[in-house]
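Please look at the sequence and the model shown here before reading on. The notes that follow are grouped by topic.

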Amino acid sequence: MLDLAVPGGPRPRGAPRHAARRAHAAPEEPVGRPRLAVLIPAHNEADRIAAAIDGLWQQTRRPDLIVVVADNCTDDTAAVAMAHGAQVFQTQGNTRKKAGALNQAIAWILPHLDDRDLLLVQDADTVLNPWFAETALATFNRKVGAVGGIFYGEQGGGFLGFLQRMEFHRYAWELERTGGKAQVLTGTGTMFRARVLREVRAARRAGVIGGGTGYYSLASLTEDDEMTKAVKTLGYRAMSPVGCEVTTEVMPTLGKLWHQRLRWQRGALENLRDYGWTRVTARYFLQQFLMGFGALSFLIYLVYMTTYTTLYGWPGFSPFWTAIGLIFMVEKTVSVRRAGPRAVLIAALMIPEMLYDLFQHAVYFSSLWGLLRRSEEKWVAT
């Protein structure tokens, strides 16, 4: 039984909006506080779902409702969720992975939410910090349509896990430098206005954006990246402010990391292909170009240095390249200083992260080649 009652009694939900760009027409209604509901899509997450739910109950602004979306589970996910105070929504006949499960659950819960109410979508392998909900709520205004988390890696995973945690710290540092403007509304934790989700579905049905006729795109390998572009296309801002930190899992093996990053990178490229060049996607196209240019330049440099050294020996000291290397090392170390002394030391050594970067470059070129060949890349659970 769905229970979203709040002090003062229930409020009528707002009517859906059908125009793609009616995002900022009316001021916020000055009635009560908005209600907060949470959806946690989960497929066989009995061993992790309790921590995710407990993290939500420990929020300084507690949710009014937590719903675990049990998607084709064959373990005790539902029982554990109910034991920890969550309601459970069972998907019916879903074959479209996480996006399909969320579309069913959002269609079920959204009629009970007013336009001003909020819906937090969180991964089952993630724990939010206690200030996430309060910080996100304070970030919303008429121009902000969604607030995403800043993800950090959980402990474990050996040296590979440590490199991922360094990568996540560096991403958080870059977000802070840009004033918290979200590049991606991460699936680890993102809060939406109910109104925005209604407008996304209306825009899909009107053909303004693709991906089917639901809330999340069924045509994308990376539904969170696509949703970011959808929200921004409708004229809203997407933010990831300091205070919205989450802790999520890291991949323990190169094979799992390869599949995860290949899906992320291929999905990002396919989303750009599907959206085309717009004022929203222009900066994403530029990012992808710079990523490819940087990867190619790095590979050319390595090949050149290897060939030159083999044929003629070590080229000797170069003030110019030494200065470039020092600048690069300083940037690498400064950007991970909050991860601790060990991270700073590894960044200063440069070689471990150079190898990690080569791995990322291989993912990029493999994704690009697959896109050009139009080969099918499947969603692989990690």
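Where is the place of K143? K143 sits in the loop between α4 (132-139) and β6 (144-148). Helices (H or I, at least four residues) and strands (E, at least two) are DSSP runs, numbered from the N terminus.

This is a predicted model, in which local features need pLDDT of at least 70, side-chain atom pairs count only at pLDDT 80 or more, and totals for chains, interfaces and linings use all residues. Residues are numbered from 1 along each chain as its sequence is written, and side-chain values use heavy atoms, with hydrogens and water left out.

**Surface patches**

- Patches are made of residues with over 30% relative accessible area and no salt bridge; like charges are joined within 9 Å, and nonpolar side chains (Val, Leu, Ile, Met, Phe, Trp, Tyr) within 5 Å.
- Accessible areas come from the Shrake-Rupley method with a 1.4 Å probe, and for residues only the protein chains shown count as cover.
- Lys and Arg count as positive and Asp and Glu as negative, while His and the chain ends are not counted.
- The place of a charge is taken as NZ of Lys, CZ of Arg, CG of Asp or CD of Glu.
- R142, K143, K181, R237 and R283 form a positive surface patch.
- K143 has a relative accessible area of 46%, so K143 is partly exposed. Buried means under 20% relative accessible area, exposed over 50%, and partly exposed in between (1.4 Å probe, protein chains only).
- A nonpolar patch on the surface consists of L286, F289, L290 and F293, which together have about 440 Å² of accessible area.
- L290 belongs to helix α9 (residues 282-312), and L290 is partly exposed with a relative accessible area of 47%.

**Salt bridges**

- A salt bridge is a side-chain nitrogen of Lys or Arg within 4 Å of a carboxyl oxygen of Asp or Glu. By this rule there are 15 salt bridges.
- R48 and E154 form a salt bridge, with their closest N and O atoms 2.8 Å apart. This pair links distant parts of the chain, 106 residues apart: R48 is in the loop between β1 (36-42) and α1 (49-57), and E154 is in the loop between β7 (150-153) and α5 (158-177).
- R48 is partly exposed at 24% relative accessibility, and E154 is partly exposed at 23%.
- K229 forms a salt bridge with D225, and the closest N and O atoms are 3.0 Å apart. Both residues lie in helix α7 (residues 223-233), four residues apart, about one turn of the helix.
- K229 counts as buried at 1% relative accessibility, and D225 counts as buried at 7%.
- D357 and K332 meet through their side chains in a salt bridge (3.6 Å, N to O). D357 lies in helix α12 (residues 351-373) and K332 in helix α10 (residues 319-334), so this pair ties together parts that are 25 residues apart in sequence.
- K332 has 10% relative accessibility and therefore counts as buried.

**Helices**

- The expected span of a helix is 1.5 Å times one less than its number of residues.
- Helix α8 (residues 254-275) has 22 residues and reaches 31 Å from its first C-alpha to its last, close to the 32 Å expected. G276 follows α8 and has a positive phi, near 75 degrees.
- Helix α6 (residues 194-205) has twelve residues and should span 16 Å, which agrees with the 17 Å between its end C-alpha atoms.
- Ten of the twelve residues of α6 are buried, so α6 is largely enclosed by the rest of the structure. Among these buried residues are R195, R198, E199 and R204.

**Loops**

- L185 lies in the loop between α5 and β8 (189-193), and L185 is buried with a relative accessible area of 3%.
- L185 and K229 are 44 residues apart in sequence, and their C-alpha atoms are 9.1 Å apart in space.
- N44 is in the loop between β1 and α1, and N44 is partly exposed with a relative accessible area of 27%.
- N44 is a residue other than glycine with a positive phi, near 55 degrees.
- M350 is in the loop between α11 (341-349) and α12. Phi of M350 is also positive, near 70 degrees, in a residue other than glycine.
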